[in-house]
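Thanks for coming. Please bring up the structure on your screens, and I will walk you through its contacts.

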Amino acid sequence: QELLNVGSSTGNSMVVSSNLRRAISTAAIGLSDRFAAAQNKHDDTILLLPSLQEISFNPDAQTILPPGGMAHPTWCDMTIPGVPVEKFSGLIDTQHHTGNKALDSTGLIRLNQFVSDVFSSKCDKDVIVAVGHSLFFRSFFQLFLPRSLEHISKKKKLVNGGTVMVTLGEVTLEDGKKVYMIDPKSIVVVYGGFGKHTKK
């Protein structure tokens with residue numbers, strides 16, 4: 001039932017995305033029914049989180065979107081059912097977008113920032129639909145699943161368009177430090193799953 005709510009209405013969920021254009025377009029296209037139903041409510045957007053930016057030095061893992069800038073539609077955003085092209089830019093919330101990742105940023109830094117973001121005031125819903133990248137999410141499972149656990153998500157990337165549901169927990173230790181962990185029993189493959197790019 002929660003998955004149906006995510007796809008069709010705002011409910012108690014929100015959508016966040018990497019600041020890379022392919023992720024933004026994937027979010028808008030893949031969840032077009034949701035945004036079409038909510039377009040007159042003005043309270044359902046795609047919130048860009050720099051912490052979701054892909055883990056790579058490759059050119060296609062860099063963003064040219066200026067800090068807080070307007071995300072204009074690309075060719076693949078021109079004909080999204082239920083999302084008029086003139087309303088596309090208004091769908092993308094860039095209030096937390098700080099530009100391309102810093103030179104001293106690392107995947108580990110951004111992974112830890114992402115889980116912190118999930119439990120911060122930036123994400124004020126119980127269900128977070130995060131749209132990002134396969135290397136980032138493989139690293140997410142490697143870092144936040146129990147170290148001793150063997151799981152395919154630690155070895156193989158999500159296929160393109162792959163969708164997985166998990167429960168992420170936050171615990172505050174006595175010294176005030178916050179730690180995060182994925183509940184292994186909560187992992188549900190919704191679509192596609194883990195397939196290519198075996199890590200050896």
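Predicted model: local features only at pLDDT ≥ 70, side-chain atom pairs only at ≥ 80, totals over all residues.

Start with helix α2. It covers residues 21–30. Which of its residues are buried? Ala-23, Ile-24, Ser-25, Ala-27 and Ala-28. And what covers them? Leu-47 sits in strand β2. Is Leu-47 buried or exposed? Leu-47 is buried, because its relative accessibility is 4%, and the cut-off for buried is under 20%. Now look at its neighbours. Leaving out residues up to four places away in sequence, Leu-47 touches Met-14, Val-15, Val-16 and Ser-17, among others. Its contacts also include Asp-93, Gln-95, His-96 and Lys-122. Take Val-15 from that list. Val-15 and Leu-47 are 32 residues apart along the chain. Their C-alpha atoms are separated by 6.3 Å.

On to charges. Side chains of opposite charge can pair when their charged atoms come close. How many salt bridges does a search of the whole structure find? The search finds 4. I will show you some of them.

One joins Asp-77 and Arg-21. The closest N and O atoms are 3.0 Å apart. This pair links distant parts of the chain. Asp-77 is in the loop between β2 and α4, and Arg-21 is in helix α2, 56 residues apart. What about exposure? Asp-77 counts as buried, at 0% relative accessibility. Arg-21 is partly exposed, at 26% relative accessible area.

Another bridge joins Arg-34 and Asp-44, at 2.8 Å from N to O. Arg-34 lies in helix α3 and Asp-44 in the loop between α3 and β2, so the pair ties together parts that are 10 residues apart in sequence. Both partners are buried.

A further bridge joins Asp-117 and Lys-122. Here the closest N and O atoms are 3.1 Å apart. Asp-117 is buried, at 2% relative accessible area. Lys-122 is partly exposed, at 28%. You have met Lys-122 already, as one of the residues that Leu-47 touches.

Now the rings. The structure holds 8 aromatic pairs. One of them is Phe-114 with Phe-140. The geometry is edge-to-face, with 6.1 Å centre to centre and 70° between the planes. This pair also links distant parts of the chain. Phe-114 is in helix α5, residues 107–118, and Phe-140 is in helix α6, residues 134–144. They are 26 residues apart. Phe-114 and Phe-140 are both buried.

Phe-140 also pairs with Phe-137. That pair is edge-to-face as well, at 6.4 Å between centres and 85° between planes. How far apart are Phe-137 and Phe-140 in helix α6? They are 3 residues apart, which means they are separated by about one helical turn. Phe-137 counts as buried, at 13% relative accessibility. Phe-140 is buried too, at 6%.

Step back from the single pairs. Ring pairs link Phe-114, Phe-136, Phe-137, Phe-140, Phe-141, Phe-144 and Phe-194 into a cluster.

Quick word on cysteines. A disulfide is a covalent bond between the sulfur atoms of two cysteines. How many disulfides are counted here? The count comes to 0. Look at two of the residues. Cys-76 is partly exposed, with a relative accessible area of 25%. Cys-123 is buried, at 6%.

Last stop, the surface. Met-165, Val-188, Val-190 and Tyr-191 form a nonpolar patch there. Together they have about 340 Å² of accessible area. Which element gives the most to this patch? Strand β8, residues 188–191, with 3 residues. Met-165 comes from strand β5, residues 163–165. Met-165 counts as partly exposed, at 33% relative accessibility. Why does it qualify for the patch? Because patch residues need over 30% relative accessible area, and Met-165 has 33%.

That is the tour. Questions, please.

Key:
Residues numbered from 1 in each chain as written. Heavy atoms only, no water. Buried < 20%, exposed > 50% of the residue type's maximum accessible area, 1.4 Å probe, protein only. Helix = DSSP H or I, 4+ residues; strand = E, 2+ residues; numbered from the N terminus. Disulfide = S-S within 2.5 Å. Patch = residues over 30% accessible without salt bridge, like charges linked within 9 Å, V, L, I, M, F, W, Y side chains within 5 Å. Areas by Shrake-Rupley, 256 points an atom, 1.4 Å probe, with all protein chains shown as cover. Salt bridge = Lys/Arg side-chain N within 4 Å of Asp/Glu carboxyl O. Phe/Tyr/Trp six-rings, centres within 6.5 Å; stacked < 30°, edge-to-face > 60°. Contact = heavy atoms within 4.5 Å.
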